[in-house]
Amino acid sequence: MDIAQLLLLNAGVSIALFIGLWLYSIRIQDPSFIDSWWPLGMVVMAWTSYAITGGRGPHAALLTGLCAIWGLRLGIYLLWRWRKHGADRRYATMMGKAKLERGWGYAKASLLLVFALQMPLQFVVCLPVQLGQVHATTDLGPIAWAGVALAVVGIAFESLGDWQLMTFKANPANNGKVLDTGLWRYTRHPNYFGDACTWWGLYLIAADTGLVGALSIVGPILITFLLTKWSGVPTVEGRMRRKRPDYEAYVARTSGFVPMPPKKVVAERA
C-alpha cells in the first residue's frame, strides 16, 4: 500500500465530512457537537485505513478495534452530553468574540476557528492508527503487547473517570463542589490522562510494525500537548478556579495529570 495514497484518501474523506458537519452547524448556529466528532472521526479513519490496506495482520485489527472502542465510547458520551446540556459556552463565547471584535459572521468564524482547525489536528493525532496499518506483520512483538496493555488501561481509566464525574454532577447536593474521590483523588484530569495513555498505547502497536509506524510518534506527542498545554487542562483549570472556591485547595493536594497519592497539605497558622 502506498503511504501517500492512504493518507490522501483519508484526508479527502475527513475534509468532506468536516465540510458536511460545518454546513450542519450553520443550520443550527452551534459548533459544540464537534467535540463528539473528534473521537468519532478517528474511528472513521481507522476503518477506512483498515479497508484500504486490506486489514492484514493482528496489528491492523488491534489498531482498528481499540480505536473504535475508545472513539465510539467517548464520541457517544460527548454527543449525549451536548444533546442534554445544549451549546458549549466556550464555543458561544468564541463565536461572540469573533463577531464583536472581528466582524465575522457565524459561518466564517466557525469555519476558521473551529472546523478548519480541528480537522488537521485530528488527522495528525490519528497517524498511528493510519500508518500502523501500512505494513502487515504476522506476529505481535513485546512493544505491541505493551501498547495493547497501555491502551486498555487508558480506555478503562478514561471511561471510569467520565462515569464518576457524570454520577457526581447528577447529584444536586454536589452543586458548587469539587469531585475529589475515586480516580479524581489521584489526578485532577483522569479523562485526559486516559486519553494520553490510549494514544501512546496505539502508537506502540504501530511502532511494532516498523519504521513507518514508528514515525507516527508525532500523533501521541501532539495529543499530549493539546491535553496538557492547550485545549485540555488549561481550559478546564481556568474555569474551575473561577467557579469553585475549593478548587485551589484541591490543586494543592492533587496531581495535575499523572495519578499520584494526594499530598498532605499543612494548614498555615493564623
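Reply:
**Packing around Met-42**

Leaving out residues up to four places away in sequence, Met-42 touches Cys-67, Trp-70, Gln-122, Val-125, Cys-126 and Trp-199, where contact means heavy atoms within 4.5 Å. This is a predicted model, in which local features need pLDDT of at least 70 and side-chain atom pairs count only at pLDDT 80 or more, whereas totals for chains, interfaces and linings use all residues. Residues are numbered from 1 along each chain as its sequence is written, and side-chain values use heavy atoms, with hydrogens and water left out.

Met-42 is also listed, together with Trp-38, Cys-67, Val-125, Val-129, Trp-199 and Leu-202, among the residues with the most contacts inside the largest nonpolar core, which has 51 residues. Such a core is a set of buried Ala, Val, Leu, Ile, Met, Phe, Trp, Tyr and Cys residues joined through side-chain atoms within 4.5 Å; buried means under 20% relative accessible area, exposed over 50% and partly exposed in between, with a 1.4 Å probe and protein chains only. Helix 8 (residues 190-207) contributes the largest share of this core, 8 residues, helices (H or I, at least four residues) and strands (E, at least two) being DSSP runs numbered from the N terminus. A second, separate core of 16 residues includes Trp-22, Tyr-91, Trp-104 and Met-119.

Turning to the record, an unreviewed UniProt entry places the feature "transmembrane region" at several spans, including residues 36-53; UniProt positions follow the numbering used here, feature names are shortened, and annotations may be inferred rather than shown by experiment. In the model, residues 36-53 are 100% helix and 0% strand, with end C-alpha atoms 26 Å apart.
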